[in-house]
Protein chains: 6
Amino acid sequence: MRPSGRAADALRPVTLEPGFAKHAEGSCFIRFGDTHVLCTASVDERVPPWLRGQGRGWVTAEYGMLPRATHTRGDREAARGKQSGRTQEIQRLIGRSLRSVVNLKGMGEMQIKVDCDVIQADGGTRCASITGGYVALYQAFQKLVSLGVLSAVPMTDEVAAVSCGIYKGTPVLDLDYAEDSSADADSNFVMTAKGLIVEVQTTAEEHPFEQSQLTAMMDLATAGIAELATKQRAALGLD
Amino acid sequence: MRPSGRAADALRPVTLEPGFAKHAEGSCFIRFGDTHVLCTASVDERVPPWLRGQGRGWVTAEYGMLPRATHTRGDREAARGKQSGRTQEIQRLIGRSLRSVVNLKGMGEMQIKVDCDVIQADGGTRCASITGGYVALYQAFQKLVSLGVLSAVPMTDEVAAVSCGIYKGTPVLDLDYAEDSSADADSNFVMTAKGLIVEVQTTAEEHPFEQSQLTAMMDLATAGIAELATKQRAALGLD
Amino acid sequence: MRPSGRAADALRPVTLEPGFAKHAEGSCFIRFGDTHVLCTASVDERVPPWLRGQGRGWVTAEYGMLPRATHTRGDREAARGKQSGRTQEIQRLIGRSLRSVVNLKGMGEMQIKVDCDVIQADGGTRCASITGGYVALYQAFQKLVSLGVLSAVPMTDEVAAVSCGIYKGTPVLDLDYAEDSSADADSNFVMTAKGLIVEVQTTAEEHPFEQSQLTAMMDLATAGIAELATKQRAALGLD
Amino acid sequence: MRPSGRAADALRPVTLEPGFAKHAEGSCFIRFGDTHVLCTASVDERVPPWLRGQGRGWVTAEYGMLPRATHTRGDREAARGKQSGRTQEIQRLIGRSLRSVVNLKGMGEMQIKVDCDVIQADGGTRCASITGGYVALYQAFQKLVSLGVLSAVPMTDEVAAVSCGIYKGTPVLDLDYAEDSSADADSNFVMTAKGLIVEVQTTAEEHPFEQSQLTAMMDLATAGIAELATKQRAALGLD
Amino acid sequence: MRPSGRAADALRPVTLEPGFAKHAEGSCFIRFGDTHVLCTASVDERVPPWLRGQGRGWVTAEYGMLPRATHTRGDREAARGKQSGRTQEIQRLIGRSLRSVVNLKGMGEMQIKVDCDVIQADGGTRCASITGGYVALYQAFQKLVSLGVLSAVPMTDEVAAVSCGIYKGTPVLDLDYAEDSSADADSNFVMTAKGLIVEVQTTAEEHPFEQSQLTAMMDLATAGIAELATKQRAALGLD
Amino acid sequence: MRPSGRAADALRPVTLEPGFAKHAEGSCFIRFGDTHVLCTASVDERVPPWLRGQGRGWVTAEYGMLPRATHTRGDREAARGKQSGRTQEIQRLIGRSLRSVVNLKGMGEMQIKVDCDVIQADGGTRCASITGGYVALYQAFQKLVSLGVLSAVPMTDEVAAVSCGIYKGTPVLDLDYAEDSSADADSNFVMTAKGLIVEVQTTAEEHPFEQSQLTAMMDLATAGIAELATKQRAALGLD
């Protein structure tokens, strides 16, 4: 049995609140259980220097965590003067994941920055960020369509993310912090609603594990992501 | 008339939610109208090096703002690699204000770090941070009392803060962003519930102004801070 | 009685030497007793990026302290790799204070940087910097007038600064280091010669204090600043 | 057909030269075709602060690339003043991969730092680093055994790494730079000689891809890693 | 007798391998005994900002050392976030030395960056870098001539460098690490093939020394540099 | 003829004011013509970590320049966040030069930091720093003797420094800025009063130069340094 009491294939309660932030062009406050992330999408007329004059757009992400989002207070990265390797890894992952479903040519020469800030952490913050970031980004594109800047939302697919692990020998979906701390493998799956792979990262925690276990986790993730995509569509009023 | 339609001596709607954060020893989510700040108080067994072995405690503060808390997105300080001068000024002010009502000897050799993170900004973020930070800090001390670490809350007074300005010649209380942008003077008052001064900072925006106008703003602030102190006590269940 | 033996309303001996620096467009070596600050004003044709093409000028300030200006040696900020929060606070204050009496439109698109470097410190360095910085800035404008770049000095008023404190219950003017260390309140007043407020910052050191004490300090400062302004005019040969 | 002319399941010519560096306790110069990496393992008596006094050891990795290892010169990270997100991601991956096959308790309280410096780059530098880093680390442990510091090499398994991709629809092994630039998916597999998973990272380049393609790449990687492990054993004289 | 067993005026075995690096426009792997440095020369179309539009070129150098090039591992400068004073001193010396024999006008508006990376260190790394850097730079110019970008190699002379020291009272040429550690004086000579001075740096290690000893070291260096220049010409196929 | 009108072997007017700084244990304000440097020596009970517990002392130096010490304002290094390569080179040179005449064992386990801050620059700042730094350091040792901390000044010799150059073919002593800008060679000599070499650095500016010219400059420097040493002794009251 899982510490959370959930079934092996059960997500935590997930809620998405689009339009949470007053100022941003798009936003979503997402909860995966006690993990709470505020995602905002900000439109910037300038693209990065290496992309100027090509008529293409760019989507990038930044990730942060409030110092006391966690059990014990972490150093504030702004005060330490640099982002940790972990932070950079996560924000690069979020950016790649979101770009994989955007038609960068179709958005024209502009940039959208998706900020994912963890207000409270209980495991799975990067997956919640991608799932909520998709909604914030979609909403920003909707706003640009409503303003006549774009003729259609330039997104080619839906993307969401969920973690899986091997807990006492059993593959389980959507680990919370307590489960994550004692899991034998830690995997993050980023997929489209139809189960196509955008990114998979899996790491053995103590001991290398069997390839069949990766396949079992992938099956759990495929179902979980389909469920998350349904919630994304509902939040965006697309169903 | 003020853009907000408020009377010259009217605060914005103010709410305080103590215990907002799951992990922190003390916390308060405070709203001054559309300005929203999450304040957490974290207990740390280690004091700063220059204070070790003296049997005294320390209270310090850090301040941050989510990149899209504002009308246009600001750079993330962690990504830029340093805190701005404005951020440092504000967090030093918060720390001094809170320490002014703490009996540092009475708290023993420990440190409490108060993090004030602006989730949404509409003027007055430093005042909301001090007002909410007081509640978070008090709550952390209450927790230490309940755990038997301290015998009493080592605070000597209440502290709150509010801004004032001169709007079209008239002194007004608690400026929102629209008012702040066109005010002739910008003042921040940090006081105790009884109107004693902890810190006053006032700045002419375009033109130097009369000393009598500072006195008029101080009167407004004295009343506003008494009102805020009442809300603090209510939030902490002290009345 | 004050440690310095001065009357409550007495400034330390103040001297101003304009033209002290060989290379700068304007300069002033100012002494407030044993506090010695070299202020230079440097003309730069480029304004900050956010001001380009608007036909307006800018005045900014930087502040520094030699490592052994103080009783015990402080770290060199260049070696530590960043300016302290205190340094940034002070240089922002100097810049705002000087800009408050400059007609930025009248100076055209150029920037003047006022550097205030503390050669020796004995309390009141930020006030000496503002008072001396005004003279250096005025002298730089005079030079631009003499070169035919400007038709008149684009300053709308005089500005000077002085500190006050509550020493053993009595408000006193212009604290030196020994007095500052044991004062109950620490205030810095930046005013025009006529007593209009440019900036006031007051902080309780140990205990919150009465509003009437702030008023008493403001009266002392008003007289002290009028005296400093007389010295500024004399130094600039304007009387 | 692949640009390199290799069969889909063919590695590039791979060579390993243990003992390449004069000063290091362990070292290996590894070539994956035109990708050349110098791996050194340095023994340090001090473990990181959070591990002190626990009787356990630590293995960590750092990664770097000479500025002109690549087609066009990259900025020197030491000159820019920070390591890129990519560098940090890679060195964290190398460290995790090596630790997964080390008995940290068995090595006692010491730290081994594995430096992987890319002398020339032609794709697959992180995989070459892990594969060569294993040999350098093993050699350092052998030296500690020969010195009597350890009684046996505290490694529990072999680890190696290889990349795979989808080139024009076909899964292929060990991408060089030209192939990597036009592949549809980019995967890095870190496995033991027996095919147990240590870490898998796969990313869609342009379009999300099928789960079956991940499986196909995993099969190629399993065979490739077995081949690399054979070369590692030969280089270490263990067969 | 010297620890190395060499005669006082004997260089270590020196080898130069031009064209060592696959991607760089010019390169040279140079060995002074166990000191091994990889020098690459990279052509950049952009000159530094202060040189733009003047039709002149620039040559600059960067220097680095692999962390375990030395007996004990040194910190990685990229990880520490800054280059040491020693590194900056050396790379400035290499840049000045190479520029002294380049006709900057003759190369047109372009920049060549010479990277000198120490793969293994045993004393004399800066001298090996200058000597090998000259060959890499020359080769890059040859490439630009062969491409028709330049009509001739814009170098006015040859430059090489060697160290000397006072070992137990005797002036000796080309110190290795063991000799350097116990020498009484440490000198670096950068000269042209004909013995003209480009740069001389000499430092007393323990005690100030006689001017005649500097003269004696200069004589040794003059002969050693003539020998190195012969090897440079041979490596470049210029004899 | 030199621009300064001085004879080839003439120093600029040199003055030394020991005890210039109120707080430092030792200090000297030194003028080489229009080059003015404030040198202070600060005693610190702690030695650098690598020297602890060995009973030996350390002398180190830091160098800085006020932003407008020069003809055009330079960036403030504290604001840029790092010391330039030039600054680091100079402060390392000052430190080595001063240590060469200190008996580090004789001073016991303490550290003296010599700060050399250029108030005004007109060429030769590093030489003035060494010459004035010696006096500040000596004075600090005298103070430690007078306090009974040391029994004698632990200095083994005197040290001073002067620059030389080749101006229009003629070797000249003590270049000012105008001369330095058009000299063909730039040399800095650090010697003892008796002409023993502590450090020599010479650099060709445009074209490599003859070894005989170095010898000629060294003769000028030997006489100039003897003259400076006489002034040092006079300033310290040692004659």
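**Entry 1**

I began with H5(E) and H5(F), which are roughly antiparallel to each other. The model I am reading is a predicted one. I looked up the geometry behind that description: H5 of chain E and H5 of chain F, each spanning residues 211–235, pack at an angle of about 165 degrees. Their axes lie 12 Å apart. Since angles over 145 degrees count as roughly antiparallel, the term applies here. I noted the crossing of H5(E) and H5(F) as right-handed.

I then listed the residues that make this contact. From H5(E) they are E:Gln211, E:Leu214, E:Met218 and E:Thr222, and from H5(F) they are F:Gln211, F:Leu214, F:Met218 and F:Thr222. Sorted by class, the contact of H5(E) with H5(F) has four nonpolar residues, four polar residues and no charged residues.

**Entry 2. Helix H2 in chains E and F**

I next turned to H2 of chain E and H2 of chain F, residues 85–99 in each. Their axes come within 9 Å and cross at roughly 110 degrees. H2(E) and H2(F) are therefore roughly perpendicular to each other. I recorded the crossing of H2(E) with H2(F) as left-handed.

On the chain E side I found E:Gly85, E:Arg86, E:Gln88, E:Glu89, E:Arg92 and E:Arg96 in H2(E). These meet F:Gly85, F:Arg86, F:Gln88, F:Glu89, F:Arg92 and F:Arg96 in H2(F).

**Entry 3. Chains A and B**

How many residues of chain A are in contact with chain B? I found 35 residues of chain A in contact with 36 residues of chain B. Between them, chain A and chain B bury about 2,700 Å², and 50% of this area is on carbon and sulfur atoms. I also noted that A:His23, A:Arg68 and A:Arg76 supply 27% of the area that chain A buries against chain B, more than any other three residues.

I then examined how the two copies are related.

**Entry 4. Pairs without contact**

Finally, I checked two further pairs of chains. Chain C and chain D do not touch, and their nearest C-alpha atoms are 12 Å apart. Chain B and chain E do not touch either, with their nearest C-alpha atoms 12 Å apart.

Terms used:
Residues numbered from 1 in each chain as written. Chains lettered and ligands numbered in written order. Predicted model: local features only at pLDDT ≥ 70, side-chain atom pairs only at ≥ 80, totals over all residues. Heavy atoms only, no water. Axes fitted to C-alpha atoms, helices over the stretch in contact; angles between N-to-C directions. Helix = DSSP H or I, 4+ residues; strand = E, 2+ residues; numbered from the N terminus. Parallel < 35°, antiparallel > 145°, perpendicular 65-115°, else oblique. Left-handed = near helix turned anticlockwise from the far one by under 90°. Contact = heavy atoms within 4.5 Å. Nonpolar A, V, L, I, M, F, W, Y, C, P; charged D, E, K, R; others polar. Buried area = accessible area lost by both parts, 1.4 Å probe.
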